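Visitor: I have a model open and would like to learn how to read it. Where do we begin?

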There are 2 protein chains.
Amino acid sequence: MSNTIALYPLSNFTFSTKEAQPEEDPSVSARLQRLQNNYEDFGMRRTVEGVLVVHDHGHPHILMLQIANAFFKLPGDYLKPGEDEIEGLKRRLDERLAPPSDSRQFNASHGVDNDWEIGDCLAQWWRPNFETFMVRFDPSLREARCFDYFSACMQYPFIPAHITKPKECKKLFLVQMPERKVLAVPKNMKLLAIPLFELYDNAARYGPQLSAIPHLLSRYPCTIPLPLSLAFSSADFIVALESVGVSPFNPGSLSEVLSNVTVIDTAHYLSTEFRRQWGVVGVSRVSPLLHPKPPTSD
Amino acid sequence: MSNTIALYPLSNFTFSTKEAQPEEDPSVSARLQRLQNNYEDFGMRRTVEGVLVVHDHGHPHILMLQIANAFFKLPGDYLKPGEDEIEGLKRRLDERLAPPSDSRQFNASHGVDNDWEIGDCLAQWWRPNFETFMVRFDPSLREARCFDYFSACMQYPFIPAHITKPKECKKLFLVQMPERKVLAVPKNMKLLAIPLFELYDNAARYGPQLSAIPHLLSRYPCTIPLPLSLAFSSADFIVALESVGVSPFNPGSLSEVLSNVTVIDTAHYLSTEFRRQWGVVGVSRVSPLLHPKPPTSD
């Protein structure tokens, strides 16, 4: 996987629903007991989650599950003892988001060719112990719903001093979305695309882990691949396809793309469809960056 | 550069002082004017800063400059138009921290062999415009001192929507510290080693950029290379050097190291020197992880 994230528009993805996936535990105390039992039996819990990035109007958005209209979480879950991280994450993403194998969408768009492309590990979070789970727990909130939120507050992006046996390690992985995909969402959850600017500096709403995602992604250049159909069907311009990437992190690269465009009619070189597709990169903003080649005479 | 950060103890580094490096501008308004002039002349300002990591008692610390007992900044500065990022960062780190070429320390420990090892880009920050510099500026604070702090608050780890011409892009690079080095600090600054746990969740004191460093580093495994002299000179144990890394992020790996140790005297297998060197990884904490090989008979 290259170091560049290819961003496809949110509208490329099809969302359907599947059976509910209820919480494993009826209460927080039952969950704590299960975690403690598992730790004694299997050692440190390993959790993997995926950061799925798309764009809307050129701005990167993260696909997140919302449970019971309350807290947000990334798709993923804990691994079985000895299970491989990458293969395990693919299985968890399938469990959470793949259309059921007996559904119509399964055959159409989700098969072996539609594997998940797991990229870099973006961050690791460590849970020092189970006991502190409860410290900031607000009993006035419904237990199961906010457990994960407060649980995230008890994790750190390093192993705190004096902790030699952390109880859980959670890894966040970048997931490169394909151009199109059907995502089936359990009925008790919603899948939402949250823009980076909403997550940034918003630990109060999203917790320390999700609000840090903009930081974690900032190192990656993003490109918005130009859809082939658009490039060739627009009557307004012909694109030299050697160079088709524009980064929302680096609008300067638009000039590089457009310098490879042979402009037929400068007055209308950006069609309405193009503008809709590319969002904020509208005509007025693009113009000052343009260094078009002279129109060809034939 | 590998994906693992080798952490050397803070006590390995020698700190001296050199001539003061005063602010370029006498006031915030003068600085704003200079930035605006430079933008008009040269386009987007590019800034590079280094994240220098050491450890103290096994916990990673970041080397930061503190100016006038007030705000903190990473070593680094803006680049000249066209200047290469990596070479430019090395030059800025030398300007800020290398002993002057006519000093005694220069010959002893800082020469061409003592180049800076620049690693991954950890994050990018974008400044949408100069105008908003002032929005959160508190005039009751001394102008030049807090300028950089508030300036950092006006940068984002993505390009905000509707911004097509950001005014500055700042890149943070990981810098792998060598085992030992002399660092000469300008007299008007202090160089401090700030622990990750102090930075984490502390944007109020360190601003949004510095407080995010623990997130940015969490993906990297860290090792504390065992000093050769210690490994061979300790009368308490002989280390099989094939495996000498212990990660403060993964105390479990200590058991791997120690399983390669042939223990001569289990009662004293960790000398006082070893314990001092390794900080929190003391005897009582280590013992349960030990799987020592049987002592050899010769």
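**Reading the interface**

Guide: Begin where the chains meet: 35 residues of chain B are in contact with 35 residues of chain A. Keep in mind that this is a predicted model.

Visitor: Which residues of chain B lose the most area to chain A?

Guide: F158(B), Y200(B) and R219(B) do. Together they account for 21% of what that side buries.

Visitor: How do I put a size on an interface?

Guide: The size is often given as the accessible area lost when the parts come together. Here, chain B and chain A bury about 3,300 Å² between them. Carbon and sulfur atoms carry 62% of it.

Visitor: How many salt bridges does the rule find across the interface of chain B and chain A?

Guide: Two. Look at D120(A) and R219(B): their side chains meet in a salt bridge, at 3.2 Å from N to O. R219(B) is also among the residues of chain B that lose the most area to chain A.

Visitor: And how many residue pairs are in polar contact between chain B and chain A?

Guide: Eight, counting pairs with both residues at pLDDT 80 or more. Now the elements. β7 (117–127), α5 (196–199) and α7 of chain B each give two or more residues to the side that touches chain A. β7(B) gives the most, with seven residues.

Visitor: What does superposing chain B on chain A tell me?

Guide: Read the rotation and the shift. A rotation of 180° with 0.0 Å of shift along its axis superposes chain B on chain A, with an RMSD of 0.0 Å. That is the relation of a two-fold axis.

Visitor: Why do we say that the copies meet through the same surface?

Guide: Compare the two lists of interface residues. Of the interface residues of chain B, 97% are also interface residues in chain A, so the copies meet through the same surface.

Visitor: Which residue of chain B comes closest to the rotation axis?

Guide: L216(B), with its C-alpha at 3.0 Å. Next, take H215(B), found in helix α7 (residues 213–217) of chain B.

Visitor: Is H215(B) buried or exposed?

Guide: Check the relative accessible area against the cut-off: buried means under 20%. H215(B) has 9%, so it is buried. Leaving aside neighbours within four places in sequence, H215(B) is in contact with L122(A), A123(A), W125(A), P157(A), P208(A), A212(A), L216(A) and Y200(B).

Visitor: How do I read a core?

Guide: The largest nonpolar core has 52 residues, and I62(A), L217(A), I62(B) and L217(B) touch the most other members. Follow L217(A). Apart from neighbours within four places in sequence, its contacts are I5(A), V51(A), V53(A), I62(A), L122(A), L174(A) and L196(A).

Visitor: How does chain A look as a whole?

Guide: Count the elements, then the burial. Chain A has 11 helices and 13 strands. Of its 298 residues, 54% count as buried. Then check sequence separation. Among contacts in chain A with a separation of 6 or more, 76% join residues 24 or more positions apart.

Visitor: Where is D56(A) found?

Guide: In strand β3 (residues 45–56) of chain A. D56(A) is partly exposed, with a relative accessible area of 32%. The side chain of D56(A) makes a polar contact with the side chain of H57(A), at 3.5 Å. For a distance exercise, pair D56(A) with A203(A): they are 147 residues apart in sequence and 22 Å apart in space, C-alpha to C-alpha.

Methods
Residues are numbered from 1 along each chain as its sequence is written. Chains are lettered from A and ligands numbered from 1 in the order in which they are written. This is a predicted model: local features need pLDDT of at least 70, side-chain atom pairs count only at pLDDT 80 or more; totals for chains, interfaces and linings use all residues. Side-chain values use heavy atoms; hydrogens and water are left out. A nonpolar core is a set of buried Ala, Val, Leu, Ile, Met, Phe, Trp, Tyr and Cys residues joined through side-chain atoms within 4.5 Å. Buried means under 20% relative accessible area, exposed over 50%, partly exposed in between (1.4 Å probe, protein chains only). Contact means heavy atoms within 4.5 Å. Copies are superposed by least squares on the C-alpha atoms of residues with pLDDT of at least 70 in both. Helices (H or I, at least four residues) and strands (E, at least two) are DSSP runs, numbered from the N terminus. Buried area is the accessible area (1.4 Å probe) that two parts lose on being put together, summed over both. A salt bridge is a side-chain nitrogen of Lys or Arg within 4 Å of a carboxyl oxygen of Asp or Glu. A polar contact is a pair of N or O atoms within 3.5 Å; within protein, one must be able to donate a hydrogen and the other to accept it, and residues adjacent in sequence count only if both atoms are side-chain atoms.
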